[in-house]
Amino acid sequence: MALMSHPGSSPCIHTEAVQCKARNYGVNSFTSTMESAKTKEIFFGLRSPSWSSLKMAQKWSSDSTEVGQRRGHRVTVAASPPTEDAVIATEPLTKQDLVDYLASGCKPKDKWRIGTEHEKFGFEIGTLRPMSYDQISDLLNGISERFDWDKIMEGEYIIGLKQGKQSISLEPGGQFELSGAPLETLHQTCAEVNSHLYQVKAVAEEMGIGFLGIGFQPKWKREEIPVMPKGRYEIMKNYMPKVGSLGLDMMFRTCTVQVNLDFHSETDMIRKFRAGLALQPIATALFANSPFTEGKPNGYLSMRSQIWTDTDNNRAGMLPFVFDDSFGFEKYVEYALDVPMYFVYRKKQYIDCSGLSFRDFMAGKLPGLQGEYPNLNDWENHLTTIFPEVRLKRYLEMRGADGGPWRRLCALPAFWVGILYDEVALQNVLDLTADWTKEERQMLRNKVPVSGLKTPFRDGLLKHVAQEVVNFAKDGLERRGFKETGFLNEVTEVVKTGITPAEKLLELYHGKWGQSIDPVFEELLY
């Protein structure tokens, strides 16, 4: 979930928290890259980095090491935008610095990893009501004490946990998220998910709490969802209605599963970015799992996906410019610079910058912060406030799938790893989608949330394209040689029948469940 602030009088939220979502994926790679740059006085052969950037990386590395050295003695970590106090920029960043930052994610194939993130809804088993913050606090404390996780605090409130390269965080409505460690195989990824669910259930069941794997809150109204005590979420709640009609639903009533994957060069990034965007509607259809709102069918198979069409279109969507011949790291930087800012974090305060320009910030002309320049930390934070269907940071995030039961949490990374981490499968996808027009890609994005795999496409249905793509993914996993194809069983059944998970839920609702939504809490219980 992105960090946001509210336009107007530039309120400051006083907090010790610096980081919305602790994501460690790629951090070690960036630190080692910057250390290498310091030694060699080069940065990917492009230019010398600023010493302030290098100092930031050194502080980042030492902070990570310090936490690691204290393992075995459970610690309390102050959450924060990463390393906000670690460096004061003494010279302006250039656009090339921002390009180099993205390029620092390039790594050889033997260093590629799989980072999976998933969100889930906690609820009281007796009443089906969403967990209150007090219950979430007890749960987090219980997991920390029983399974040796470090606590992440914002003031007096516990807002997350950290253990090694994994973290648990809270979305605005209390959605419980695991941001997994970067791992080598899908077996490791699925084992991580299983271990996490075991730990959560071990504590939650004693509290009478269950967790639901679905893409949209099926029963409760938005005003019945608790708001987490994280200062920025009050800002977000005020800001969202100004830029779209569904932003508050995105914040409080959606859950997703996504995978973060690496690239070895700018060219490799471009190919994976294009394949990911072209196929994202297929992933949305395969994992469509959000057909209910407030106890009734909502007319969509993926309400979660539909919500993103009217959350904030300045920073979401299908990014047609990625398919231009001129696309690369620099073009993404140009795009990101034109996405309006949300905030700057300084001296434990969130400073309202809604709608303002990162370009002005780079020139030291940001209203209210004249003469102050951003550091790479500000740039990293800004990149996390952009929400396209595929997002570029120092890795690529595949963002199009609904949350679901545990087998699908393993199937989503399997689908994308089979395609993007195998050269033959990736080329097959690029060949398949090469003549798809911008209008066709957008049409799929618009229609899939409603019609899923039954969406008409050219001379057939999207189902037929999806069958071919899933075969590409299966073959790609076979060639990886880790015996990972079994993780695709969930989606193989979906493309075989053309029936999405959401359509199965609707069939149960109109049949066995007698048009009651309550049984979904048992059907999709972790």
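## Exercises on a predicted model

By class, 11 nonpolar, three polar and seven charged residues make up the lining of the second largest pocket. The model is a predicted one, so treat each value below as computed from it.

**Exercise 1. What is the volume of the second largest pocket, and which residues lie closest to its centre?**

Step 1: The second largest pocket has a volume of about 350 Å³.

Step 2: Its lining counts 21 residues, and those closest to the centre are Pro405, Arg408, Glu490, Pro501 and Lys504.

Step 3: Now place the lining on the fold. Helix 13 (406–420), helix 17 (489–497) and helix 18 (501–510) are the elements that give two or more residues to it.

**Exercise 2. Find the disulfide, and work out which parts of the chain the disulfide links.**

Step 1: There is one disulfide in the structure. Its partners are cysteine 190 and cysteine 410, with an S to S distance of 2.0 Å.

Step 2: Look at the torsion about the S-S bond, which is about 80°, so this disulfide is right-handed.

Step 3: Cysteine 190 belongs to helix 5 (residues 186–204) and cysteine 410 to helix 13; the two are 220 residues apart, so the pair links distant parts of the chain.

Step 4: Check burial, where the cut-off is under 20% relative accessible area. Cysteine 190 has 6% and counts as buried, and cysteine 410 is buried as well, at 4%.

**Exercise 3. Classify the ring pair of phenylalanine 263 and phenylalanine 329: stacked, edge-to-face or tilted?**

Step 1: The search of the whole structure gives 18 aromatic pairs. For this one, the centres are 5.9 Å apart and the planes make an angle of 50°.

Step 2: Stacked needs under 30 degrees and edge-to-face over 60, so the pair is tilted.

Step 3: Phenylalanine 263 sits in the loop between strand 9 (256–261) and helix 8 (266–286), while phenylalanine 329 is in helix 10 (residues 329–338), so the pair ties together parts 66 residues apart in sequence.

**Exercise 4. Which charged residues lie over the rings of tryptophan 112 and phenylalanine 323?**

Step 1: Over the face of tryptophan 112 you will find lysine 272, at 3.5 Å from the ring centre.

Step 2: Over the ring of phenylalanine 323 sits the charged end of arginine 441, 3.5 Å from the centre.

Methods. Residues are numbered from 1 along each chain as its sequence is written. This is a predicted model: local features need pLDDT of at least 70, side-chain atom pairs count only at pLDDT 80 or more; totals for chains, interfaces and linings use all residues. Side-chain values use heavy atoms; hydrogens and water are left out. Rings of Phe, Tyr and Trp (its six-membered ring) pair if their centres lie within 6.5 Å; planes under 30 degrees apart count as stacked, over 60 as edge-to-face and the rest as tilted. Helices (H or I, at least four residues) and strands (E, at least two) are DSSP runs, numbered from the N terminus. A charge sits over a ring if NZ of Lys or CZ of Arg is within 6 Å of the ring centre and within 35 degrees of the ring normal. On a 1 Å grid over the protein atoms alone, a cavity is a set of points where a 1.4 Å probe fits but cannot get out, and a pocket is an open set with protein on both sides within 12 Å along at least five of seven lines; lining residues have an atom within 4 Å of a point. Grid points are joined across faces, edges and corners, and a volume is the space filled by probe spheres set on the points. Ala, Val, Leu, Ile, Met, Phe, Trp, Tyr, Cys and Pro count as nonpolar, Asp, Glu, Lys and Arg as charged, and the others, Gly among them, as polar. A disulfide is a pair of cysteine sulfur atoms within 2.5 Å. Buried means under 20% relative accessible area, exposed over 50%, partly exposed in between (1.4 Å probe, protein chains only).
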